[in-house]
Every structure is written in C-alpha cells, then in structure tokens.
Amino acid sequence: VPFPLGFQVKSGQNVALYKEVMEMIGDKLGNELDPKWVERTQEQNEKQGDKLEVELCTHKLNSIKEKVRMGHNDLGNHHYAAGNLNEALKCFMRTRDYGTTTKHTLDMCLSIIRVSIEMGNFAHVVNYVTKAEAQPEQHTDLGMVAKLRSAAGLAHLDGGKYKQAALKFTHMKIEVGKENNVPILKNIHPDELCYSEVLAPQDVAIYGGLCALATFDRTELATKVMEDSAMKQFLELVPDMREIISDFYHSRYSSCLALMEKIRGDLLLDVYMNAHVDKLYAMVRSKALIQYFTPFASVQMPMMAQAFSTTVPELQKELTQLIMKKDIKARIDSHNKIIYARQADQEVSTFHQALQTGLEYERQTKALLLRLDLIRNEMTMKPARTGGVHGPPRGDREED
C-alpha cells in the first residue's frame with residue numbers, strides 16, 4: 001500500500017510545500033504529483049485572498065478599527081495557510097496599529113511568533129516573546145505563559161544556548177500570589193499548552209529533558225526536573241525520556257545511553273532538534289564520564305568501558321580528549337589500563353598558602369607604618385571647616 005504522504009500535505013492549502021515534498025520523495029513511496037489539485041488549490045487561494053482584500057478595504061473605508069484589525073488577522077491567517085509567510089508576517093504586524101487592548105497585543109505577538117518560527121527567524125521570536133512578557137495580563141493566562149516559554153525555549157535551542165533553553169522548557173509554573181512573602185506557584189498542565197501548530201507537550205519534555213541532561217548539575221537536575229511537580233506531568237507523556245533522566249541521575253549510565261540511542265532516530269527526524277542531536281548527545285556522554293570518574297582516585301578502564309558499553313581503546317580516546325580539554329584532571333596508564341586522578345600536592349599547596357599569607361601580612365604592616373608616619377609628621381589631609389549645608393564652623397554657632 002503506498003504511503004499517503006502526499007495526501008497529508010494535500011489536506012492543507014500550501015501548494016509550494018506540496019510541490020517541494022513531491023520533488024523530494026519523487027515516486028519512491030508511490031506518490032505522484034497531482035496537477036489538478038495544484039491548479040484547483042491555487043485558484044481557491046487566489047479567490048479567497050481577493051475576497052479578504054476587498055473586505056479589508058471596506059472596513060478601512062468605514063474606519064472601524066476592530067474590523068480592520070480582524071481583517072488583517074484573517075488575511076494573515078490565509079497567507080500563513082497558503083505558505084506565503086512574508087505576506088502573513090506583514091499582515092500580523094499591521095494589526096499593531098489597530099489593537100486597543102492588552103489581549104490584542106498578545107494575539108499579535110503570538111501570531112508573529114508563530115510565523116517567525118515557521119520562517120526560522122528566531123531573533124524575531126525572542127523580540128516578540130519579550131514584548132508579550134512585558135504585558136501585565138499575560139501572567140494570569142496559563143496557556144499564554146506556556147506558549148511564550150516554549151517559543152523562547154525553541155529560540156535558545158536554535159541558537160545553541162542549551163542551558164537557557166532547558167530553563168525555559170522546565171519552568172512550567174507561574175506565580176499566582178504570595179503567603180508570608182513566599183511565592184505561591186501554580187503548575188501549568190500539559191493540556192493547557194494548546195500550541196499544536198508549533199510543538200506538542202511531548203516536545204517540551206524531550207527538549208527540556210535533553211538540554212537539562214547536557215547542562216544542569218546534579219542539584220539542578222533534581223530540583224528543576226526530577227522533583228518538580230510541573231515537569232513531572234510533561235515527562236509522564238514521554239516514559240523513555242523520564243527513564244533516561246532517572247538512569248542518568250542514579251548513575252545507571254549503560255541503561256541511560258542505550259535508551260538515548262533508542263530515541264536517536266526519532267530526534268534526527270525532529271524539525272527543531274535534528275541539528276543539535278549529535279552535540280547534545282556528546283555533551284551528555286562526556287558529562288556521564290566525568291561524573292563516573294570524579295569520586296575515585298583511580299579506575300580500571302575495562303570496568304569503566306563495561307559500564308558505558310564501549311571498548312577500552314574507544315574509552316581511552318574519549319578520556320584523552322576530556323583530559324586535553326581539562327574537563328578531567330587525570331593521567332592514563334596505557335599499559336595497565338588504569339586512569340589515575342591528579343591529586344594536588346598538599347605539602348606544596350600548604351607552603352604556597354603560607355607564603356601568600358606572609359606576603360599579605362607584610363604588605364598590611366608596611367601600609368600601617370606608613371600611615372602612622374604620615375600622622376606623626378602632620379602630612380594628612382584635613383577636611384576644611386566651611387559653612388554650607390553643614391552650617392558654620394563649630395566655634396561660630398550660637399549657644400542654645
């Protein structure tokens with residue numbers, strides 16, 4: 001049975017996308033270009049666009065601001081559905097001049113963010129997320145907060161700022177008040193993230209979880225991911241990611257890395273994550289190697305290789321790179337296949353510390369002697385006794 005990929009694209013109005021998909025897959029999956037559908041859809045798009053343009057002109061002539069704003073929105077949504085992203089962006093930006101409430105501003109920001117993500121213009125996304133977050137009413141709308149944080153997370157992810165992305169994706173709660181100066185937080189439920197045109201709640205769990213593994217320390221991973229009630233709800237939607245984080249935290253690295261390999265294929269097909277998979281996976285693996293070795297003075301490399309499901313030569317290459325980057329302070333005994341931690345010489349360290357303390361004591365003593373000499377020889381600066389804001393000199397004041 002042919003795979004109905006073309007049918008999925010044909011369910012919309014985007015002719016350019018349909019042609020691009022059909023050109024990429026050719027007849028490999030039993031799909032053929034449907035010229036009749038292309039012609040029919042182009043005609044429908046043109047007719048609908050002309051109709052919306054006429055309605056918008058009518059609203060402008062009648063000078064009804066709300067109707068004009070809605071007209072620009074309708075035209076923008078039409079261009080977005082048809083794949084004319086530049087025109088859609090222009091229409092949504094024009095609504096700014098006709099908005100009269102905070103909600104109108106938030107709607108404009110969300111529309112521009114949606115189109116900008118589709119265009120890959122994440123600088124625009126950051127600007128309009130910031131603009132929306134400055135609006136007073138957005139803090140009370142759970143769905144709005146979730147959308148803005150997800151969009152900001154995608155922008156940071158695209159820019160390779162994985163720590164900032166993790167902080168945005170994992171912070172799915174809002175402050176609803178204070179009790180005894182302690183903030184009262186309310187969780188954002190996954191069902192409140194109605195952002196299907198951009199990403200799903202499962203994506204928040206995957207993006208946030210993977211970025212957190214790569215950048216958070218153990219304390220942050222525990223408090224902001226594993227023990228966070230809001231993030232737990234999202235992780236429940238993706239059991240594999242939940243198990244990966246749990247295995248990593250509890251040092252079950254072999255199981256953790258095996259599960260990561262299991263989901264690698266899906267991540268490589270992800271529209272936002274695919275360009276970052278290899279780098280994030282490498283960061284997580286390096287972090288696991290560092291955490292495994294840190295508590296020990298020496299480790300048998302065959303045992304460590306078994307824990308990471310790799311060979312001793314491959315493990316030695318990885319450890320060598322970490323040592324060269326100074327992520328691990330160690331030396332490798334290649335003959336006996338043992339890695340030793342480099343311990344600081346306590347005697348030398350104590351000597352240097354005592355020397356520095358002595359030098360600092362000498363400096364302070366010289367400074368004190370110099371100050372005493374200056375005072376003894378009356379070479380110090382004295383404040384002038386003048387009037388002004390502090391009043392006349394003491395001797396000129398009238399007695400009470």
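## Crossing of α15 and α17

Axes are lines fitted to C-alpha atoms, for helices over the stretch in contact, and the angles between N-to-C directions run from 0 to 180 degrees. In this predicted model, helix α15 spans residues 277-293 and helix α17 spans residues 312-324. Their axes come within 11 Å and cross at roughly 85°. Because angles of 65 to 115 degrees count as roughly perpendicular, α15 is roughly perpendicular to α17.

On the α15 side, the contact involves R285, S286, L289 and I290, which meet L315, E318 and L322 of α17. By class, the residues of this contact comprise four nonpolar, one polar and two charged.

## The three-stranded sheet

An open sheet is formed by three strands in the order β3-β5-β4, with antiparallel pairing. The edge positions belong to β3 (298-300) and β4 (330-333); each has a single partner strand, so one side of each is left without a neighbour in the sheet. On average, neighbouring strands are turned by 20° against each other, direction ignored.

The antiparallel pairing of β4 with strand β5 (residues 338-341) extends over four bridges. Within this part of the sheet, D333 stands opposite I338 in β5.

## Packing of the helices on the sheet

Both helices described above also contact the strands. Helix α15 packs on the sheet and touches β3, β4 and β5, its direction making about 75° with that of β5. Helix α17 likewise packs on the sheet, touching β4 and β5. The direction of α17 makes about 150° with that of β4.

Terms used: Residues numbered from 1 in each chain as written. Predicted model: local features only at pLDDT ≥ 70, side-chain atom pairs only at ≥ 80, totals over all residues. Heavy atoms only, no water. Helix = DSSP H or I, 4+ residues; strand = E, 2+ residues; numbered from the N terminus. Parallel < 35°, antiparallel > 145°, perpendicular 65-115°, else oblique. Contact = heavy atoms within 4.5 Å. Nonpolar A, V, L, I, M, F, W, Y, C, P; charged D, E, K, R; others polar. Pairing = 2+ DSSP bridges.
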